[in-house]
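Morning, everyone. I'll take cavities, pockets and surface in turn. Please have the model up on your screens.

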Amino acid sequence: MIAVRDRKEWEEFADKFDRSFRYYSGSSGIKHLWLLNDRIYLKNIISWSGSRITDRSDTLNEEFNPGVYGRDAYVNTSLRYSAMINYKGNARNTIRAGMVSSRLGFNLNSLTYKKDIGRLSDFLVARGDAWNHQFYTQWKHEWPDRISMNAGIHLNYFTLSKTWSAEPRVGLSWWIKPGQRLSFGAGLHSRLEPLAYYYGRNEQADGSVIFSNSALSPTKAVHLVLGYEKLFKGDLRFRTEAYYQHLYKVPVSGDPAFNFSVLNVPDAYFIYSRNYHTLVNKGTGRNKGLDLSLEKSFSRQYYFLLTASLFDSRFRALPGTEFNTAFNSRYTTNLVAGKEWGTGPSGKNLLGLNARIMTHGGMRYSPVDLAASRAADDQVIDESRVNEMQVSPYFRADISFSYRVNRPGLTHAFFIDVQNVINRKNELTVFYNVDKNNIETIYQAGLIPSVYYRIEF
C-alpha cells in the first residue's frame, strides 16, 4: 500500500503510510502405517509446518521522505511427532492409545512507534522454542441394542508455563430406531494462547515496562453436548445439537480497571493497546446455544446444506462483572448449495455452479467515551458497558463457477469465484478516529472477485 504523494489528499494519519505486508507458509510430512495383524496396527506421523509474516510501515513527512513507523517479523515453526496404536479386541471393543509431541519454534520481533512515549518501542523480542506433549487413550464399546460409547482421557503438558492438565472425555450414541440417533458428549478441553501473550512488553512513559506472563497456563473449558439426528430418503439428513460450554482459567487483564479477556479477540494484537497489562488466568466465560442443520449430500449431481445457530456468549474479567463477548451476535445462518452438469462428448467434463448465503446478528462493540478519548488523544471506552452495542446485521452472498476437464491421470480445473456478489459493505465495528476527533464506523470489504486455475494429477 503506497501513500498518495499529494498532501491535499491526506485526510488522516493513515493516509501518509507506505506499507508492505507479506505472508509465507509451508508444510510437509510423512506417515507410516504398520499392520501387525488383523487386530493391531501402528501409525506414526512426522510433520513440519512453518510460517513467516512481515509487516513494514513508514510514514511520510511533508517532503514525502519515509520514516520508520513499524517493523514486524513473526516466524513460527512446528515439528510434530505422533504415534498411535489401535487394538480391536472383538467386534464390540476397540482400544487405542497415542501421543503427540510438538516442538513450537518462534522468532517474534515487533518494533513500533508508541505514541504516549513519542518514539519507537519493542513490543516483542522473543526467540526460542517450547514443547507441547499430549498423551491419550480411549475405549470404544458397542452394546447389542444399538448403543455405543467412546470414553478416554487426554493428558497435556506445556513446557513454557510448566502446566499439566488431565482431561477426561466421553461420548454416547444410541440409534433409537433405524434412521434416528441420540448422542451425548462431555469432556474437558484446553487451548494454548498466542505466544505474544507470553512475551509481549509494553513500555510506559516513565520508563518502566509491563511484561506479559510467561507462566500463563492454557485456557480450559468444560463441554456438554446433546444431539439428535434423523435420516430421510433422498440422502437427506437433519441434525440438531444443544450445547453448553464453561470456560475457566481464561487470561484476562491483571488491572481490574480494564475488562479485557482473550475471549474477545481473534489474535494477540491487544499487546499494542495502551491498556495492555500483565495477563492472569482468572477469567471465566460461558457459551450456550442450539445448532440446527439440514443436509442433502451430493447425489444426482446436486447438494445443499442449511444451518442455523442460536446462542449466547458471555465472559467475566478480573472485576467479576458479566458482559457479552465481542462475538455474541445471538444468531447465524448459512445456506450452501451447488450443482454439476456433465459436458463434453462423453460427459466426463464437469461444469459446476455453487452459491452461499450467510447472515448473523452483527458484531458487538463497546461505547466510546468521546470526551475522554479527545482528552487522551486515544480511544477510551466505557469499561462499565463492554460490548453493550451491536453493529447492523451481517449479510453476504457468494457465487462461484467451475469447469473441470478430466483426462486420464490429469485434471484441469478453472474457477471463477465472486465473494459478496451484491457488493454489500457490512459494518465491522465502531471506533474513535484520533485524526478527526470523532467516532466512525469501519466497513468490511465489498465485492471480491477471483479467478484461478489448478492442475490435479
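Terms before numbers. We work on a 1 Å grid over the protein atoms alone: a cavity is a set of points where a 1.4 Å probe fits but cannot get out, while a pocket is an open set with protein on both sides within 12 Å along at least five of seven lines. A lining residue has an atom within 4 Å of a point. Grid points join across faces, edges and corners, and volume is the space filled by probe spheres set on the points.

Now the ground rules. This is a predicted model, where local features need pLDDT of at least 70 and side-chain atom pairs count only at pLDDT 80 or more, while totals for chains, interfaces and linings use all residues. Residues are numbered from 1 along each chain as its sequence is written, and side-chain values use heavy atoms, with hydrogens and water left out.

The overall picture. The protein has two helices and 24 strands. Those are DSSP runs, numbered from the N terminus: helices are H or I with at least four residues, strands E with at least two. The C-alpha atoms fill a box of roughly 75 × 60 × 40 Å along the principal axes. Of the 457 residues, 34% are buried. Buried means under 20% relative accessible area, exposed over 50%, partly exposed in between (1.4 Å probe, protein chains only).

Cavities next. The count is one cavity of 30 Å³ or more. The largest cavity has a volume of about 40 Å³. Its lining includes H360, M363, Y394 and E427. By class, that lining has four nonpolar, five polar and one charged residue. Nonpolar here covers Ala, Val, Leu, Ile, Met, Phe, Trp, Tyr, Cys and Pro; charged is Asp, Glu, Lys and Arg; the others, Gly among them, are polar.

On to the second largest pocket. It holds about 450 Å³ of space. There are 18 lining residues, with N76, P194, L195, A196 and A268 nearest the centre. The elements giving two or more residues to this lining are β3 (66-90) and β4 (93-114). The lining divides into 15 nonpolar, one polar and two charged residues.

Last, the surface. Which strand does Y403 lie in? Y403 sits in β20. Y403 is partly exposed, because its relative accessible area is 31%.

That's my tour. Over to you.
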